[in-house]
Amino acid sequence: MKAALFYGPGQVRVEHIPEPQPKEGQVKVKGIGGWGGGLAEYIAVDTRNLHILPDGISLEIGAMIEPLAVAWYAVKRSGFKAGQSALITGGGPIGLLVLKVLRSRDPSAVVILSEPASGRRNLALKHGATSAVDPTAKRSPSSDILHDTVAELTNGRGVDVAFDAAGIQASIDACLLNLRPRGTLVNVAIWENNPTININLITGREIVMTSISAYTGIHPELLEAVAAGEIKDLEDLITKKIHIDDVVEEGIKALLNEKDKQVKILVHP
């Protein structure tokens, strides 16, 4: 079978490898999955990690459930409640899915998304963001357009919850700066470099800071919510479908170099 294997930074190769042989308590699943490392035509999965897609959910939407689970768990861990406000830094797949989950909890809450790529900002607005801000834009040399927008939409109070889905110094700084006193910051991102944290700001405002590592135990409730139509139009976030042979050029590099156009790329065997 074909598999895209990761050998190091910038080293992903599609190769032929033997099909996996499921052990006791496992089943072999056809499709592109990353269990055990790399994308492959078949994977062997423990039965305890399998979930049946409810009727009416397509395989394409099924492929969105894993990243959606990350967003669902992040919102759950944040303690977000209807009537609260939120900021999301980073408009990639996870950031946009956090937006979708927040909107399922409160259709009218103030939800602000910060993202430099215009295409992703447009998608955020389409999927319910109150405002989608380019954090690099300047009204004047000393202005902070994101901070100004948060102040305008929260009457100067700051947001109740912030989600860092970008994982860079500027994003976590923005989250902390724009949180209200005793607000909650949830780190969703995986970081390439450790950030510097303004601990005095956290202390002075008594900010609660937490993070998530993927998800745990939430797939049944998430699938029920998707089946009930609580989170709609997920297919709009699928911007491309490619064959596994093209995963490097049309998949990985496209996500890196075409951030204004690409959000979620599905890979088919």
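Student: Which residue stands opposite Leu-87 in β8?
Tutor: Ala-162 of β8 is opposite Leu-87. Bear in mind that this is a predicted model.

Student: How do β5 and β8 pair, parallel or antiparallel, and over how many bridges?
Tutor: The pairing of β5 with β8 is parallel and runs over four bridges.

Student: And on the β9 side, what does Ala-162 stand opposite?
Tutor: In β9, Ala-162 faces Leu-185. Strand β8, residues 159-164, pairs with β9 in the parallel sense over five bridges. Asp-164 has a bridge partner in β9 as well, namely Asn-187.

Student: How many residues of β8 are buried?
Tutor: Six of its six residues are buried, so β8 counts as mostly covered, with buried meaning under 20% relative accessible area.

Student: What about β9, how many are buried there?
Tutor: Strand β9 spans residues 179-187, and seven of its nine residues are buried.

Student: Switching to α5. Which of its residues are buried?
Tutor: Helix α5 covers residues 169-178, and its buried residues are Ser-171, Ile-172, Ala-174, Cys-175, Leu-176 and Asn-178.

Student: What covers them?
Tutor: The cover over the buried residues of α5 includes the strands β5 (86-89), β8, β9 and β10 (208-211). It also includes the helices α4 (145-153) and α6 (199-205).

Student: Now Ser-114. Where does it lie?
Tutor: Ser-114 is in strand β6, residues 111-114.

Student: Is that serine buried or exposed?
Tutor: Ser-114 is buried, because its relative accessible area is 5% and the cut-off for buried is under 20%.

Student: What does Ser-114 touch?
Tutor: Leaving out residues up to four places away in sequence, Ser-114 touches Ile-88, Thr-89, Gly-90, Gly-91, Val-133, Pro-135 and Leu-146.

Student: Last topic, α1 and α7. At what angle do their axes cross?
Tutor: Roughly 115°, with the axes of α1 (residues 59-78) and α7 (residues 219-227) coming within 10 Å. The two helices are therefore roughly perpendicular.

Student: Left-handed or right-handed crossing?
Tutor: The crossing of α1 past α7 is right-handed.

Student: Which residues meet there?
Tutor: From α1, the residues are Ile-61, Ile-65, Leu-68, Ala-69, Trp-72 and Lys-76. They meet His-219, Glu-221, Leu-222, Leu-223, Ala-225 and Val-226 of α7. By class, the residues of this contact are nine nonpolar, one polar and two charged.

Student: Why would residues three or four places apart in a helix point the same way?
Tutor: An α-helix has 3.6 residues a turn, so residues at that spacing point the same way.

Technical notes. Residues are numbered from 1 along each chain as its sequence is written. This is a predicted model: local features need pLDDT of at least 70, side-chain atom pairs count only at pLDDT 80 or more; totals for chains, interfaces and linings use all residues. Side-chain values use heavy atoms; hydrogens and water are left out. Axes are lines fitted to C-alpha atoms, for helices over the stretch in contact, and angles run from 0 to 180 degrees between N-to-C directions. Angles under 35 degrees count as roughly parallel, over 145 as roughly antiparallel, 65 to 115 as roughly perpendicular and the rest as oblique. A crossing is left-handed if the near helix is turned anticlockwise from the far one by less than a right angle, and right-handed if clockwise. Contact means heavy atoms within 4.5 Å. Ala, Val, Leu, Ile, Met, Phe, Trp, Tyr, Cys and Pro count as nonpolar, Asp, Glu, Lys and Arg as charged, and the others, Gly among them, as polar. Buried means under 20% relative accessible area, exposed over 50%, partly exposed in between (1.4 Å probe, protein chains only). Two strands pair if DSSP finds at least two bridges between them.
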